[in-house]
Structures are given as structure tokens and as C-alpha cells.
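Subject: Handover of a structure

Dear colleague,

Please find the structure below, together with its sequence.

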Amino acid sequence: MSKRVLIPVADGSEDLETVTLIDVLRRAEFDVVVASAEERRMLTCARGTRVTADAMLLDVLAQEFDLIVLPGGMPGAKTLGELEPLAERLRRQAAGGHAFAAICAAPPMALHAYGVLKGRRVTCYPSMSEHLGSATFVDQPVVVDGNCITSQGPATALEFALTLVEQLAGKGKRRQVAADMLVPV
């Protein structure tokens, strides 16, 4: 059975992170739902890349997902952080022991705002680390703390996406996806 992944996206989400997450997770043969947090499906990322969402976010929040992963970028991460229906859904995801993840500005701007980082070891875009509240900032490209996976930014997006593949489907699947993309393993 294919793993289901929700990637909420807003105008201003980081281009490289968003596209890398979608691409790598689909290469792993996961059922990836890109959901618009805006009132339309066509979104414009922070650097001008246009992304067409598969669905509207509010229409899919009641569905079950093995992973919910938030791309960073501003103002996209801030927009995601201010969406109470997404916050409520992600809190349920975290409390139920299911995987949730964020990269770059999304850990401090969204996950912290949702209240799911208390006492966790996390990473984010380093200059935003003071916005993590009671979470412990770890200066590493990717940090896994139980069911919470975080990453630093655009340069770490590929490693982050491959770590998500590993968390959901194991090291073998990670190696296969990496080898198919000619990523050294």
C-alpha cells in the first residue's frame, strides 16, 4: 500500500524545497497530494516558479496521511502557520504518532505556532532559530526527533526529502530513489 503524503503550499513557498519534496516523494511512489492553502490552485513560489496544486487544502484535511510536510519560504511558511485548520490537523498528526516535517522557515513559523515542537530537537534556517520557542535548535542539515523531521533550507532539501523516504519506507527505498537520481549513497 502506497504511503500518503500531504504537502500544503502557499504563495511564497520556497521553490526549490517545494519542487524537491514533490519530485522525490513521487519518485518513491508515494501518493503525494499538493494542496493549496490559497483560494486557487495555481500558486507562485518565492522565486516565481508556478505550481498547480492537486487539491484545495481545506478539502483534504479530513483525510489520513502518513506524513504531512511543510515547505519553507516566506511569506509561504507564515501563511501556513496562520491557518488554524492546518494547525489542528497537524496537531492530530503529531499526537497520533504519525510523521510530520518542515524545512527552512516552516519549523519556526508554522510548527512552533502550532505548538508541536515543545521539548523537541529541531533545525531550521539558522537565522530563524531564535523563533523556535522551547525547542532545542540543532545546527545540522536534517534532524529526526521521533515523528518530527526538520531541515535547514534549500541546500538541504534533497537530503531532507530522502530522509523522509527513509522514515516512511526504509533505507532500501531511500537507496533506490537516491541511486535512480545518481545521488551518491
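Leaving aside residues up to four places away in sequence, Gln93 touches Phe65, Asp66, Leu67, Ile68, His98, Ala99, Phe100 and Asn147, where contact means heavy atoms within 4.5 Å. This is a predicted model, in which local features need pLDDT of at least 70 and side-chain atom pairs count only at pLDDT 80 or more, while totals for chains, interfaces and linings use all residues. Residues are numbered from 1 along each chain as its sequence is written, and side-chain values use heavy atoms, with hydrogens and water left out.

Gln93 lies in helix α4; helices (H or I, at least four residues) and strands (E, at least two) are DSSP runs, numbered from the N terminus. With a relative accessibility of 1%, Gln93 counts as buried. Buried means under 20% relative accessible area, exposed over 50%, and partly exposed in between (1.4 Å probe, protein chains only). The side chain of Gln93 reaches the backbone oxygen of Phe65 at 3.0 Å.

Helix α5 (residues 106-114) is largely enclosed by the rest of the structure, because seven of its nine residues are buried. These are Ala106, Pro107, Pro108, Met109, Ala110, Leu111 and Tyr114. They pack against β6 (67-70), α3 (76-81), α4 (84-95), β7 (99-103) and β11 (148-151). After α5 comes Gly115, with a positive phi near 80°.

The axes of α1 (residues 15-27) and α6 (residues 157-169) come within 9 Å and cross at roughly 35°. Here axes are lines fitted to C-alpha atoms, for helices over the stretch in contact, and angles run from 0 to 180 degrees between N-to-C directions. By class, the contact of α1 with α6 has 11 nonpolar, one polar and one charged residues. In this scheme Ala, Val, Leu, Ile, Met, Phe, Trp, Tyr, Cys and Pro count as nonpolar, Asp, Glu, Lys and Arg as charged, and the others, Gly among them, as polar.

α6 also packs with α7 (residues 171-180), at an angle of about 145° and with the axes 7 Å apart. Glu159, Leu162, Thr163, Val165, Glu166 and Ala169 of α6 make this contact with Lys171, Lys173, Arg174, Val177 and Ala178 of α7. By class, the contact of α6 with α7 has five nonpolar, one polar and five charged residues.

Yours sincerely

How values were computed: Polar contact = N/O pair within 3.5 Å; in protein donor to acceptor, adjacent residues only side chain to side chain.
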